[in-house]
Amino acid sequence: MKKALITGITGQDGSYLAEFLLEKGYEVHGIKRRASSFNTQRVDHIYQDPHVQDAHFKLHYGDVTDSSNLTRILQEVKPDEVYNLAAQSHVAVSFEAPEYTADVVAMGTLRLLESIRLLGLEKKTRFYQASTSELYGLVQETPQKETTPFYPRSPYAAAKLYAYWITVNYREAYGMYACNGILFNHESPRRGETFVTRKITRGLANMAQGLEQSLYLGNMDALRDWGHAKDYVMMQWLMLQQEQPEDYVIATGVQYSVRQFVIWSAAELGITLEFVGKGVEEHGVVKAIVGDKAPALKVGDIIVRVDPRYFRPAEVETLLGDPSKAKEKLGWVPEITVQEMCAEMVAHDLEEARRNALLKASGYSVSICTER
Ligand code: NDP
Ligand code: GDR
């Protein structure tokens, strides 16, 4: 039975990857951080009681800022594959916590690679690094492919640049099977609530049910190449099953604006939304409503506004990936379209909003966190 170790297992990708690997028959180990409250919601459904003798899913307390901890876990597990997904992954937050972001994202990757090497596992353990389209930042070529020059535009992206190159370096210097997956944005109902797609689907669903008053967004002109996380974790695994370790771009090859994603999400709730005004004055007005998904809204309501608080000190305006290499060498084609993904996310968040609205109507207190 193959063993995999996933850092960041409690995150969006970690949870889908763990499910995928368990289905493939792996023994899956994950590193979770100690927190003052439960932080395993995304993997609770695959949790196995450690008292069960042949449990195939095991969580270890740890942190990628702690080399001794990583070395101990690696020594204990001796994994065939390591998936390094742990990160302070929010671009806007990285401007506020740049040093911490660098420690986790850049140094965390080095710590893992060096632990694997020092333990003599460099010929056994295959390594996947969660690289990102943010590396392209101020884009030098469109669409972006494996050979497109990088130009990071945030502390997060600059830290990921180090992580990218140190992964390449350990491959070249020590003959490690180490790969970078340069993944473009990928989303799902498990996406963190403060990334733009989930903020939109959750915010609109809450407003439809009368739980929020307005959705405040930043740059709605930003263009992204959005795919589904479930499709993308399969690629992380495939990259580690090849004869030679290589780096791959994973993307859909189509891009849309944040504004377009808002319009689709509203449509999933039966709302026709029209944007009027320019710049910080731009806002989204309800033009028509069909069906029963948005009982709390009426025609003329302003439900989307711009708040400059969400503008970034340096923005990545446009990203569009060219996944030709992954298609050719890994035989991969994304299965879920962005519109299907949007529908799934809205349906998920509407169900949650309906539940909360019902609780509220029954006199129970409901806390709706809307921080960025
Ligand atoms: P999430 O933010 O959902 O998950 C990040 C994970 O990292 C969480 O499990 C988090 O733990 C964990 N983590 C954070 N800091 C530490 C630390 N110091 N030590 C150990 N674990 C830590 O990210 P995604 O699942 O969306 O992304 C996975 C990876 O892929 C990340 O590295 C991200 O940068 C990268 N990426 C993501 C893309 C996307 O569109 N989703 C695109 C390209 C790259 P906790 O749950 O406790 O917070
Ligand atoms: P991104 O994702 O920065 O691309 O990083 P995010 O969803 O945060 O932003 C996408 C674009 O939307 C614009 N935007 C807003 N973003 C947020 N979060 N909140 C808002 O209110 C808002 N309004 C407009 C942003 O300015 C941006 O242009 C994600 C993360 O998962 C990274 O870890 C990963 O590496 C990249 O995707 C690929």
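Predicted model: local features only at pLDDT ≥ 70, side-chain atom pairs only at ≥ 80, totals over all residues.

Trainee: OK, what's the mean pLDDT of the chain?
Mentor: The mean is 97, and 99% of the residues reach 70 or more; pLDDT is the predictor's confidence in each residue, from 0 to 100. The ipTM is 0.99 and the pTM 0.98.

Trainee: On to the ligands. Which residues are closest to ligand 1?
Mentor: Gly8, Gly11, Ala86, Ala87 and Ala130, out of 26 that surround ligand 1. To count as near, a residue needs its C-beta atom, placed from the backbone, within 6 Å of the molecule.

Trainee: Which elements give two or more residues to that shell?
Mentor: Helix 1 and strand 5 (126-132) do, and helix 1 has the largest share, three residues. Helices (H or I, at least four residues) and strands (E, at least two) are DSSP runs, numbered from the N terminus.

Trainee: How does the shell around ligand 1 split by class?
Mentor: Nine nonpolar, 14 polar and three charged. Ala, Val, Leu, Ile, Met, Phe, Trp, Tyr, Cys and Pro count as nonpolar, Asp, Glu, Lys and Arg as charged, and the others, Gly among them, as polar.

Trainee: And which residues come nearest to ligand 2?
Mentor: Ser89, Thr132, Val196, Gly218 and Ala222, of 24 around ligand 2. Helix 3 (91-96) and helix 6 (196-208) each give two or more residues to that shell. By class, the shell around ligand 2 holds eleven nonpolar, seven polar and six charged residues.

Trainee: Switching topic: which residues of helix 1 meet helix 7?
Mentor: Gln12, Asp13, Tyr16, Leu17, Phe20 and Leu21. Across from them in helix 7 are Ala229, Lys230, Val233, Met234, Gln236 and Trp237; contact takes C-beta atoms, placed from the backbone, within 7 Å. That contact has eight nonpolar, two polar and two charged residues.

Trainee: Now the backbone. Where's the cis peptide bond?
Mentor: Between Thr142 and Pro143, with omega about -5°. Pro143 sits in the loop between strand 5 and helix 5.

Trainee: What's the phi of Lys78?
Mentor: Near 45°, a positive value in a residue other than glycine. Lys78 is in the loop between helix 2 (67-77) and strand 4 (81-84).

Trainee: And what follows helix 5?
Mentor: Gly175, with a positive phi near 65°.

Key: Residues numbered from 1 in each chain as written. Chains lettered and ligands numbered in written order. Contact = placed C-beta atoms within 7 Å.
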